[in-house]
Amino acid sequence: MFNRRQLLKSASAAALLSAGRVYGQTQPEKKPKFLIVIGATGGCSLIDSFLAIRRSEAGRAAPTLNCFPDEQVKSIDGTEIRAVDSSGDSVGAIGASYTAIQSEFVRKRKNDLMIVTQTGTSVNHTIAQKRALTGNEAWNGRTLQEAVAAEYGAGFALPNVNMAGDGYIQHGTDRSLPSWALNEPVANALLWPLSLDGVRGLKDVPAGERLALARRIRDEKLEPKSIFQRKFQKSEALGLWRRQRMSQQQLEVLDLITKLNIQADSPATPLGQYGLAESPDGARVREVFPRFLTDALEAQAALAFLLIKNRISVTVTIAPSFSVVLDVPAREVVNPPLAFDFSHNAHRAAQAIMWARLLNLADRLIGLLESEEYEDGESFWDRSMIYFATEFGRSKQRPRDAEEFSSAHDLNNGVAIVSPLANGNKILGGVDPATGLTYGYDPEDPRGVPRPGTEMQEKLVYAGILHALGVDTSGSALPDARALRRNV
Amino acid sequence: MFRELCLLAIASATIVSCSNTPNATSGSPDAGVTPPIEATKASLRFKRNERIREDFSQALALAPDELCNELGAYSCTDTVHTIALGGVEPYVLGVREPLEETTSTAPIAVDRVALSGCTKRVARDLADPQSAVIFRASLGDAGARREAIVRLYERALQRSPSESELAHLEELYDAAAGDWAVLSCYAVLTSVEALFY
């Protein structure tokens, strides 16, 4: 871990102290908890998964309500959380069949799985994505990830890494946060490690002490005396740049260009020719996420594990994009165009494929985190949480007896959270089988007492996540949301 | 009377500001040079990927697509480090607006682009002195080094270096010798004056 002791021993310790990260720390380092946000891009619907309604339960509403043939809605022993296992001959106009299984995830992870109903406040993708991360500006506009990074990330090289896009990658608006708590964006998980060293991987360039000398002459002699520097010395942009430059050397020392490199040496990525190597965990993550080259989300998940395992980050965000991903030889739609939002064209297929995709991916990521010890027999997973953030749900109606149809955005929905720190094997709230609308719960009762006729605001999920992760929210006026955390 | 006083005030302000305009040997508090007036707003912007690519390419007389390619194939400024360098990627990532602030990895990405480009420029100049753009003569000669730095500053920063800047980069030669040209080029291209406006 990139901790304070290492910093103080390093040649650049003085520089980092003045850069403000260590200097600004006023309390002892806290044992971190880890937040992984998986953006369910496009709008994932709880009534197409964990709160699915059987046709026999919907009564007179059944023909026009988004409900399923009874046999597709699975009840799992030991839990009220449901799952939908389904298949189809096409994905809208795309002539590819699919089989989508959710039940395995519920069966395996039910004790850590928590379903929480809520009603959002925007049907705009970008705005709603950001609100899913800020609780609709619940705490001065800071995102969940920024809050976790600010709490635990001071001793981490890149506390908050974000591989998503659109609203999921936007910074929050709380200017009181240190700059290092803001997310570090990653456009391409496969190539991003090349951004973590200023010289390695380049041919025939000077390195080592000579490069360090050139940097020192630039930083200590050329720049301070230049008219440009002296004229604009109050510039916040320059101040930030200097601090980031100082951190650069620490990133290079950590050899992240190797540790986070998922790829193996190949004609497309001739690592050896450029003095580079794959991560010691490269083969392991490639085995768990074999589609890392063709499916950006699998590469993101692999990198997310490496960032946490190598104690580089305390929070990582990944998400499928709106781009279509096809496995042509297998005639499989891996990621429909617009991801969950393909529900506008083919609701059942889009929801089924995407839910199975995200749950399967999360299960594999959890498996890796479970297998990696944090300390004293405790695994990384024991200290982690996965939050399936999403924009909104989908409309609850369908054309009479249609098994495939178009759906719109709908504010009424909920979220799924999986974590040993959450109030697992619990549904907070419920769903009305006659309307498909979710309703609320008592947020302070760990039993998850449902309250039909009520709707829950985004800030409750936001507060519940932060408190389950042990983030100090003093002064924020956030509700306790005790129902969302594991109470022992 | 009031109008004449206003005109006099404006003229005085103009004279003061002109005296702080960078002259032919600007860049340092060298003897006789008036210190610059500190900007109160100091509103600077990072050049971002496209401008860095174009400015560096022009300064180094390299085609934009040969400036820097990771693993010999992937454009540094347009593929690998696009977002880190403040660019956008609206079609896949949905990043439609550049990040407001520079990222932790932005200085690293800049280093890679500069080192790659400088290495290429120096190699070409030394291989073909007749066509050399920046490093035209034997760099073992102090005079040749001085002239090279002047050309580098003029191409990269559109000004001449000050005497102190020349001296500092000459200082680098003693320790860097054979790498001096690349490292001098790197130090200038990665200076904040080359990256912000």
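Which residues does R398(A) touch, not counting residues up to four places away in sequence? With contact taken as heavy atoms within 4.5 Å, R398(A) touches R55(A), A62(A), P63(A), T64(A), L65(A), N66(A), C67(A), R348(A), E403(A) and F405(A).

## Basis of the model

This is a predicted model, in which local features need pLDDT of at least 70, side-chain atom pairs count only at pLDDT 80 or more, and totals for chains, interfaces and linings use all residues. Residues are numbered from 1 along each chain as its sequence is written, chains are lettered from A and ligands numbered from 1 in the order in which they are written, and side-chain values use heavy atoms, leaving out hydrogens and water.

## R398 of chain A

R398(A) is situated in the loop between β15 (393-394) and β16 (409-410) of chain A; strands are DSSP runs (E, at least two residues), numbered from the N terminus. Its relative accessibility is 5%, so R398(A) counts as buried (under 20% relative accessible area, 1.4 Å probe, protein chains only).

A polar atom of the R398(A) side chain lies 2.8 Å from the backbone oxygen of A62(A). The side chain also reaches the backbone oxygen of A402(A), at 2.7 Å.

## Helices α4 and α7 of chain B

In chain B, the axes of helix α4 (residues 106-127) and helix α7 (residues 180-189) come within 9 Å and cross at roughly 140°. On the α4(B) side, the contact includes D111(B), A114(B) and L115(B), and on the α7(B) side it includes A181(B), V182(B) and C185(B).

How values were computed: Axes fitted to C-alpha atoms, helices over the stretch in contact; angles between N-to-C directions. Helix = DSSP H or I, 4+ residues; strand = E, 2+ residues; numbered from the N terminus. Buried < 20%, exposed > 50% of the residue type's maximum accessible area, 1.4 Å probe, protein only. Polar contact = N/O pair within 3.5 Å; in protein donor to acceptor, adjacent residues only side chain to side chain.
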